[in-house]
Every structure is written in C-alpha cells, then in structure tokens.
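Hi,

Here is the structure I promised to pass on. Have a look, and my notes on the charged pairs follow below.

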Amino acid sequence: MNKIKELFGIYCDNSANLKKALSQQLCPYSGKRCYKTRKSKPNTAIGTCTVQYQKNNIIICPNRLLESNQIFIDCLHLLTLHEPGNELYVIPEVSIPGGNVDYFLVSSRDEQVMDFAGIELQTMDTTGTVWPERQRLLKEHGFSVDAADIENKKSFGMNWKMTAKTILIQMHHKSETFEYLNKHLVLIIQRPFFEYISREFSFSHIQGARIGDPVHIHSYDFREKDSRLKLSLDKRISTNSSGIARSLGLNAHTKVELEELITTLEQKFNDEYRLSTV
C-alpha cells in the first residue's frame, strides 16, 4: 500500500482528478501553486500534503491545516474584544521579536484593530525524501515516471524530536511578547505530535484550557470521512511563557510595543486576507 495519502489536496484512495492536479500543481488550501519543489527540478511541485506513518495519517505541509478556515474559527473565542459587525482578517507572516508569526487573526472595525491573536502552524518534518513514494503512487495510477525514481528504495521517517524542540523554543521566544500585550498565541498541531510532546517533554503542569492564559495549543484529529481526510479539533490546553519555559528550561526577554504591532496589522488590511468560511 502506498504511503502517500494526499497529493495536491486529493485523497489518493480516490484520485479521479489526479491528472488535472499534476498539471496545475495548485494547493487548494492556499489557492496558490504548491511551494514545495525539487531542487533538481524547480518547476516540478512535490505536492505531498499527507503521508501514512506508523498507521497514522500524518500531515507534512502546514497549508493542509487551512482546510475550511476551521483552525481560525476555533480561535475566535480568544478575541475577547471582538463584537458582531467587526470584520475579520487572517494576515500571514507578521514579524515580531522572536521571529515571524504564521498568521494573525484580527478583529477590525472601521479599519482599526480591535483585537488579535497570533496563530502558529506546525506539521511534521520528515527525514529522507517522500519523492520515490510519490512516484510509485503515480505509477500505480498509470502515469509515466522515471524508472530511477521508483527504483530508489530509501524510505522517509518523521523527525519528531527536532520538530518538537524547534517549535517549543519558538513558542517560548514569542510567548512573552503576547503575554506582555495581554493577547493570545495559539499553536496548531496534529494529535500524534501533541501526544509526542506531551510524552517526551515536561507537560504534566499544563492541564485544561483557560482563556486568561496567553499561550494555547490546539490539537487536531485527522481521519477518513466521506472518502476524504478531515480535520477536527481534538484537544485544547493553555499555559503562559513560564509554563513553556518549564517544559524546556529556557528564558527569553522579547517585547514589542502594542502600537507598533497594530500599525503593522492595519497596513495589511485588504480583501485577500478577509476571513471567509466558504
């Protein structure tokens, strides 16, 4: 059984539209061309969203988490100053001390920021390459592929430890900024990864989700439903910068003035970033 479960957003057990997807190379979740390309063939997008690993369907592309904007909708309750009539924006790649934040969910009225939350996406980093498995999938569906690609017997793995340590350090670096601003920072991950960090790091002091905590972790299940794979919120927990530091034994001192961040967000208001549930 092939280990590639989704290619360009298509569930590969039901791949009637695979030919069109390979031609267009579009990511259905970002609406743009898949950004993952081969170094040797920069015009060829790899397109792998999800793979099967140890009986789990593991998401390896952050854009896959954008399905139906559900991860943003699940953060709306953290916009405690949001009111009916306000406009909602999802603004990507905003820089703060400690690094870039993947997205800001912003509540706005009259083109002024009323409230916001930062949202970080983390999917699994792989070891090795998924390319041979991808090419074997295409051959199974009758596509012509280079023989050398499918003869490569090397498999891929999951870089659990490095992925976990990297994102937790990043969350700690950014959490003090949000704590200082009295705002929320949310980490979006998949259930197997949540189970890993809960097991391998010191998370026993983090229990439940409280809206007053600045750092939240949302874990999503990912299962087959109606002949496709679907995300659903599985578990929420929350803590503060000290809680993340306790897990890692780290310290950070990074702050940013609220006015400076609000100015940055307001400059990015446009229809492209308006939140839609369609």
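Let's start with aspartate 221 and arginine 223, whose side chains meet in a salt bridge at 2.9 Å, N to O (a salt bridge being a side-chain nitrogen of Lys or Arg within 4 Å of a carboxyl oxygen of Asp or Glu). Aspartate 221 is buried at 9% relative accessibility, while arginine 223 is exposed at 54% (buried is under 20% relative accessible area, exposed over 50%, partly exposed in between, with a 1.4 Å probe and protein chains only).

Before you read on: this is a predicted model, where local features need pLDDT of at least 70, side-chain atom pairs count only at pLDDT 80 or more, and totals for chains, interfaces and linings use all residues. Residues are numbered from 1 along each chain as its sequence is written, and side-chain values use heavy atoms, with hydrogens and water left out.

The salt bridge count comes to 15. One of them pairs glutamate 272 with lysine 32, with the closest N and O atoms 4.0 Å apart. Glutamate 272 sits in the segment after helix H8 (258-266) and lysine 32 in the loop between helix H1 (18-24) and strand E3 (48-53), so this pair ties together parts 240 residues apart in sequence (helices, H or I of at least four residues, and strands, E of at least two, are DSSP runs numbered from the N terminus). Glutamate 272 is exposed, at 54%.

Lysine 41 and aspartate 146 also form a salt bridge, at 3.4 Å. Both are partly exposed: lysine 41 at 35% and aspartate 146 at 42%.

Finally, Glu6, Arg64, Glu67, Arg228 and Lys230 are joined in a salt-bridge network.

Cheers
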